[in-house]
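Please read this briefing alongside the sequence and the structure.

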Amino acid sequence: MTKSLALASRRAPLADLTMPAPAAAVHPESLLALPPGEAKQSLLTVHSILEARLPAGPLSIYEAGGGSTSYLPLKVLRRAHVTVVDIDEDQIRNNTYAQEPILGDIQTYRFPPGRFDLIICYNVIEHIPDVEAALRGFCDALKTDGLLLIGAPNPRSLSGIVTKYSPHWFHVFFYRYVRGEKKAGLPGEAPFPTHFHPLVTPAKLEAFAVKHGLQVIYRKKYESPRYPEMRRRKPVLAACIDAAAKLMNALLPGKIDVRHGDYHVILRKLRS
C-alpha cells in the first residue's frame with residue numbers, strides 16, 4: 001500500500017441467519033473455490049439479501065479491491081454498472097466484468113458523495129493498514145439506503161491468529177502445498193500480505209459502522225472454508241487441527257468456536 005495513487009481508468013432489522021438461499025443465478029466465480037459448508041451457505045444467503053434489498057432497475061456498484069473475481073449474484077451483476085478499484089495492476093488487467101476498472105488505492109481514492117447503491121469489500125480489509133480511511137470513503141460514497149457488504153477473516157479465530165502471527169512465506173507454502181494452488185504468491189495471485197487493523201475485528205467494525213450512520217442488517221461468523229478443504233486434501237492434518245480446535249473451544253469461556261475464521265456483514269446507510 002505504499003504505491004502512489006494511479007488514476008488509470010478504462011471505460012467500457014437483522015436478516016434471519018437460517019433463511020434458505022436458492023443456488024440458482026449466482027455468479028459462478030464467487031462459489032467455485034468454496035467447498036460445501038458454512039461459507040458457501042452464508043454467501044448464498046448474502047446473495048439472496050442483495051437481490052431482495054437492492055432497488056429495482058439499473059444499479060451503480062463499487063467493488064473495493066475487487067480485483068478479478070466478482071462476488072455478485074448474476075441477477076444483480078446483469079443490471080449493474082460496476083466500478084472496481086484495486087492497487088494491483090495484474091488484478092485490474094485480469095478483470096473481465098467491470099465497466100470501470102481503476103488502478104488505485106481504496107484507502108485514498110474518493111468518489112462523489114452518494115454515488116453507489118452497493119459497495120463490496122471482500123477479503124480486502126485485512127490487507128490494508130488504514131481500514132478507517134477506507135471505511136470513511138465507503139460511507140460517503142453510499143447512497144441513502146445503500147448497502148455495504150464486507151467479507152473478511154476473523155482475527156479472533158484459530159486461522160486468524162495463525163495468519164496474523166506467521167510470516168508471509170508460510171502463507172504461500174500453505175496455499176501451494178495444502179490448498180494445491182501452484183501459482184500462489186506469484187504476481188497478482190493470493191495470498192497477499194496481511195495487516196489486521198483493529199477494525200477488522202467484527203465487534204469493532206460494527207461499532208464503527210453504527211457510529212457512522214450504518215445499520216447492521218446481516219452478520220454471520222462461519223467456519224473458514226480452509227477446514228473442509230483440508231479435510232478433503234489433507235485428512236490427517238485436518239483431524240489434528242480439528243482436535244486442537246475442539247480442545248480450545250472447551251477451554252475458552254463462552255460459546256466460542258475458534259473454527260469460525262471468517263465473517264460476512266451487510267450494512268445499510270441510514271437517512272441523515
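Val-162, Trp-169, Phe-170, Phe-173 and Tyr-177 form a nonpolar patch on the surface, together exposing about 540 Å² of accessible area. The model is predicted, so local features need pLDDT of at least 70 and side-chain atom pairs pLDDT 80 or more, while totals for chains, interfaces and linings use all residues. Residues are numbered from 1 along each chain as its sequence is written, and side-chain values use heavy atoms, without hydrogens and water.

**Surface patch**
- Patch residues have over 30% relative accessible area (Shrake-Rupley method, 1.4 Å probe) and no salt bridge, with nonpolar side chains joined within 5 Å.
- Helix H6 (residues 168–177) gives the most to the patch, with 4 residues.
- Tyr-177 is found in H6.

**Salt bridges**
- The whole structure holds 10 salt bridges (a side-chain nitrogen of Lys or Arg within 4 Å of a carboxyl oxygen of Asp or Glu).
- Asp-145 forms one with Arg-268, with the closest N and O atoms 2.5 Å apart.
- Asp-145 lies in strand S6 (residues 142–153) and Arg-268 in strand S8 (residues 262–269), so the pair ties together parts 123 residues apart in sequence.
- Helices (H or I, at least four residues) and strands (E, at least two) are DSSP runs.

**Helix pair**
- Helix H8 (residues 226–233) and helix H9 (residues 235–251) pack at about 135°, with axes 6 Å apart.

Conventions. Axes fitted to C-alpha atoms, helices over the stretch in contact; angles between N-to-C directions. Patch = residues over 30% accessible without salt bridge, like charges linked within 9 Å, V, L, I, M, F, W, Y side chains within 5 Å.
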